Amino acid sequence: MSWTDAHVRRLFWRAGFGATPAEARAWAKRGRAATLDWVVDGPPGGARLRGPAPNIRGRRLDPVNVWGDDVLWWIDRMVRTTYPLQEKLTLIWHDHFATAQQDTPLMLAQNRTLRRGALGSFRALLGAVTRDPAMQLFLSLADSTKQAPNENYARELMELFTLGSGYTERDVREAARALTGFSSRYSTSGLVSIAYRPDQHDDGVKTLLGRRGRLGPDDVLDLVTTHRRHAPFLVTKLWSYFVATPPSAGTVRALAATYRRSGLQIKPPVRAILSHPALYANLDAPDLVKCPVVYVAGALRTTGTYVTQDYATWMLEQMGQLPFDPPSVAGWDWGPAWMSSNSMCQRFALGNYLVTWGRPRVRRGSAPATLTPSQAFQRAWSAVGEPPVSGATRATLEHLAKHFFDDLDPRWRDTAGWRGEALQGTLRHLLLTCPDSQLH
Amino acid sequence: MVAWRMGSLLAGTVLATVLLAAVPAAPTADARRRTPATTVGVGAREYRFAEYRASVPRGVVRFDLTNYGEDGHDLVVETRGGRVLGRTGKVGSGRRAVLQLHLAPGTYRLVCDLANHAALGMRTTLRVTR
C-alpha cells in the first residue's frame with residue numbers, strides 16, 4: 001500500500017481528531033509502519049498536553065464545580081494531547097459503557113478510569129467499570145443485595161457490554177445474584193464510598209452460561225468475557241467506530257482471533273482495524289460521519305485553535321452529543337443520525353466562532369480584493385488547516401470567489417480590502433462547515 | 001453514507017452571513033476586572049445533596065445546582081440561625097440553576113425546603129473561610 005498525505009489524514013481523523021498540514025506531510029514521509037506505531041502506541045513516555053492550557057476570558061477551568069467546564073476540560077485534552085488515540089478510545093468507551101445523570105466528580109473519576117484502561121486489557125477495564133461508583137449508581141448495582149438483587153447491571157453487562165446475544169433471562173437473574181454485595185455509604189455532603197460487603201452477597205449456588213458454582217462478581221466477568229460470542233461482539237463494535245461499512249465475516253473472525261490470542265487486550269484488534277485496507281478505501285470520498293465531539297475537537301485541533309471560549313459545551317449539547325450525558329445506557333446513535341437539521345445548524349454556528357475567535361480569523365489587511373479566485377481559495381484553505389476538499393467543493397468555492405465582487409465597480413477593487421476580507425471569512429467558514437468537513 | 005448537493009453551499013453563504021452577525025461581542029474590560037466567584041457544584045437527588053467542595057474563601061460564591069433526581073428540588077442558603085440569604089426556586093428533574101451570593105466567613109446551611117425534603121436528608125453545610 002502506498003502512503004501519502006491523504007492516508008495520514010484519513011488515519012489521524014479516524015484514530016483521533018485530524019492531522020495538521022505539518023503532521024500530514026511529516027508522517028507521509030516516515031511511512032506507513034512508523035505512522036501506525038506512533039498512532040497506536042503513542043509517544044514514548046506516554047501522553048502529554050501541548051500548547052496553552054484553557055483560559056476562558058481570564059478564568060481557569062474548574063471541571064468539578066462549574067457546569068460545562070468538565071466538557072471543556074475533555075475537549076481541551078482532545079485538542080492538545082500527543083496521544084489522540086487514547087482520547088478517542090476514552091470517548092468510545094464512554095459511549096460503550098454509557099453512564100449519565102451522576103455527580104460530576106464521579107463522572108470525572110470514571111473518565112480517568114476509561115482513559116487509564118483505554119488500550120489495555122478489556123477484562124481489567126470491565127472490572128474497573130463494574131466497580132466504578134458512577135456506573136454502580138447509574139445501573140443500580142450499588143445496594144443490590146442478596147434479599148433484593150437488581151438485574152439492571154447484569155442485563156446491560158451481557159446485552160450491551162460483552163455479548164449482545166446468546167444468553168437467557170435465567171442467566172440475567174443468576175448473574176444479578178452473583179453480582180450482589182456492593183454497598184454505598186453517604187455523608188451529608190454526598191457519597192463517601194461503595195464497598196463490597198460479603199454479608200450482603202448471595203453466596204448460594206448459581207448456574208450462569210452453563211457454569212454452576214458459588215459464583216461471585218469476578219466469576220461473572222470471567223464467564224462473559226470468555227464466552228464464544230464475546231470476541232466477535234466486541235471487535236464488531238470497535239470496527240463500527242472506525243469504518244462505516246460493516247466488516248465481512250472473515251474480517252470479524254480474524255479480528256476476534258487477534259483479540260483472543262492477545263489475552264483480550266484492546267490494542268491488538270484496534271491496531272488491526274487501523275491497518276485494514278477498508279479504513280483507507282475511497283480516500284477522496286470519505287463516508288464516516290464525524291460525531292459532534294470529533295467535529296468540534298477536530299476543527300479546533302486542525303486549525304491550531306485552543307480552548308479560550310465556552311461555546312463548545314452548549315454547542316455540543318445542541319448538536320446532540322454532550323459528553324458526560326449520553327441519552328441512555330445504550331449510548332448515542334452514530335452515523336447519519338448525527339446530521340439532524342438542528343445539529344447541522346450548530347455545526348454551521350461553530351464555523352462562525354472559529355472564524356471570529358479562532359486561529360482562522362481574518363486579519364485586517366491580509367486579504368486584498370485583488371486576489372484571483374484560485375489565490376483566494378488557496379489562502380482560505382491554508383488558514384483552516386488544509387482540510388481534505390473534493391474537486392466539486394473547490395470549484396464551487398472558486399466560482400463564489402469569482403463572482404463575489406460582481407456588484408463592485410472594478411475601479412474600486414484596489415481599495416476594497418474589507419470585501420476581500422469578507423470573502424476570506426466566507427470561504428473559511430464554508431471550508432469548515434461544507435459537506436466534505438462533515439465526513440472523515 | 002451521506003451525500004449533499006454542492007449547490008447548498010451557496011445557500012449556506014447567506015446563512016453564514018446571518019450567523020456571523022449572531023456571534024456575541026467580546027467581554028468588556030469591566031467584566032474581566034470583576035472579582036471571580038468561587039463556584040460550588042451541588043447535585044440534588046432524592047433525598048440528599050452532593051456538595052462538590054465543602055469550604056470556600058469569603059467573597060462571591062456561585063452555586064451551580066443540578067437536579068439529578070426525579071422530583072423537583074430547590075437550594076436554599078441560610079445562616080446557622082435560619083435567616084435565608086438566597087434560594088434558587090424549584091428546579092425540575094434534569095434541570096439546572098445558579099445562585100450567586102456574597103458570603104462572609106462562617107458556616108452556612110444548604111437545604112431543600114420543598115415539602116419534607118430537608119428532614120429526609122437534603123441538608124448540608126458550607127464553610128466559608130477568611
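**Close-up views of a predicted two-chain model**

**Close-up views of a predicted two-chain model**

View 1. On the H18(A) side, look for A:Ala376, A:Phe377, A:Arg379, A:Ala380, A:Trp381 and A:Ala383. They meet A:Leu423, A:Gln424, A:Leu427, A:Arg428 and A:Leu431 in H20(A). Sorted by class, this contact has 8 nonpolar, 1 polar and 2 charged residues.

**View 2. Helices H5 and H6 of chain A cross.** Here helix H5 (residues 84–96) of chain A packs with H6(A) at an angle of about 120 degrees, and their axes are 8 Å apart. That makes H5(A) oblique to H6(A). H5(A) passes H6(A) in a right-handed crossing. Which residues do the touching? From H5(A) come A:Gln86, A:Thr90, A:Trp93 and A:His94, and they meet A:Asn111, A:Leu114 and A:Arg115 in H6(A). By class, there are 2 nonpolar, 4 polar and 1 charged residues in the contact of H5(A) with H6(A).

**View 3. Helices H1 and H2 of chain A meet.** The axes of helix H1 (residues 5–15) of chain A and helix H2 (residues 21–30) of chain A come within 8 Å and cross at roughly 115 degrees. That makes H1(A) roughly perpendicular to H2(A). H1(A) passes H2(A) in a right-handed crossing. H1(A) brings A:Asp5, A:Val8, A:Arg9 and A:Phe12 to the contact, while H2(A) brings A:Glu23, A:Ala24, A:Arg25, A:Trp27 and A:Ala28. If you sort the contact of H1(A) with H2(A) by class, you get 5 nonpolar, no polar and 4 charged residues.

**View 4. Chain A is split into domains.** How many domains does the assignment give chain A? There are domain 1 (1–41), domain 2 (83–280) and domain 3 (373–438). Taken over C-alpha atoms, the centres of domain 2 of chain A and domain 3 of chain A are separated by 49 Å.

**View 5. Chain A touches chain B.** In this view, 42 residues of chain A are in contact with 33 residues of chain B. Several elements of chain A give two or more residues to its side of this contact, among them helix H6 (104–116), strand E2 (190–196) and helix H17 (341–357). Helix H19 (391–403), helix H20 (417–433) and helix H21 (435–438) of chain A also belong to that group. Which element gives the most? H17(A) does, with 6 residues on the side of chain A that touches chain B. That side divides into 19 nonpolar, 18 polar and 5 charged residues.

**View 6. Strands of chain B form an open sheet.** Five strands line up in the order E3-E9-E8-E5-E6 (chain B), and the pairing is mixed. Strand E3 (55–57) and strand E6 (84–87) of chain B are the edge strands, and each pairs on one side only. From one strand to the next, the twist averages 25 degrees. Zoom in on strand E5 (residues 76–79) of chain B: 3 bridges join E5(B) to E6(B), and the two run antiparallel. B:Val77 has B:Gly86 in E6(B) as its bridge partner.

**View 7. Strand E4 of chain B has partners too.** E1(B) and strand E4 (residues 59–67) of chain B pair in the parallel sense over 7 bridges. One of the bridges takes B:Gly41 to B:Asp64 in E4(B). E4(B) is also joined by 8 bridges to strand E7 (residues 96–103) of chain B, and this pair runs antiparallel. There, B:Val60 has B:His102 in E7(B) as its bridge partner.

**View 8. Two backbone spots to look at.** The peptide bond from B:Glu46 to B:Tyr47 is cis, with omega near -15 degrees. You'll find B:Tyr47 in the loop between strand E1 (38–45) and strand E2 (48–51) of chain B. Over in chain A, A:Asn282 has phi near 50 degrees, a positive value in a residue other than glycine. A:Asn282 sits in the loop between helix H14 (267–275) and helix H15 (292–303) of chain A.

Definitions and conventions
Residues are numbered from 1 along each chain as its sequence is written. Chains are lettered from A and ligands numbered from 1 in the order in which they are written. This is a predicted model: local features need pLDDT of at least 70, side-chain atom pairs count only at pLDDT 80 or more; totals for chains, interfaces and linings use all residues. Two residues are in contact if their C-beta atoms, placed from the backbone, lie within 7 Å. Helices (H or I, at least four residues) and strands (E, at least two) are DSSP runs, numbered from the N terminus. Ala, Val, Leu, Ile, Met, Phe, Trp, Tyr, Cys and Pro count as nonpolar, Asp, Glu, Lys and Arg as charged, and the others, Gly among them, as polar. Domain bounds come from an automatic or database domain assignment. Axes are lines fitted to C-alpha atoms, for helices over the stretch in contact, and angles run from 0 to 180 degrees between N-to-C directions. Angles under 35 degrees count as roughly parallel, over 145 as roughly antiparallel, 65 to 115 as roughly perpendicular and the rest as oblique. A crossing is left-handed if the near helix is turned anticlockwise from the far one by less than a right angle, and right-handed if clockwise. Two strands pair if DSSP finds at least two bridges between them.
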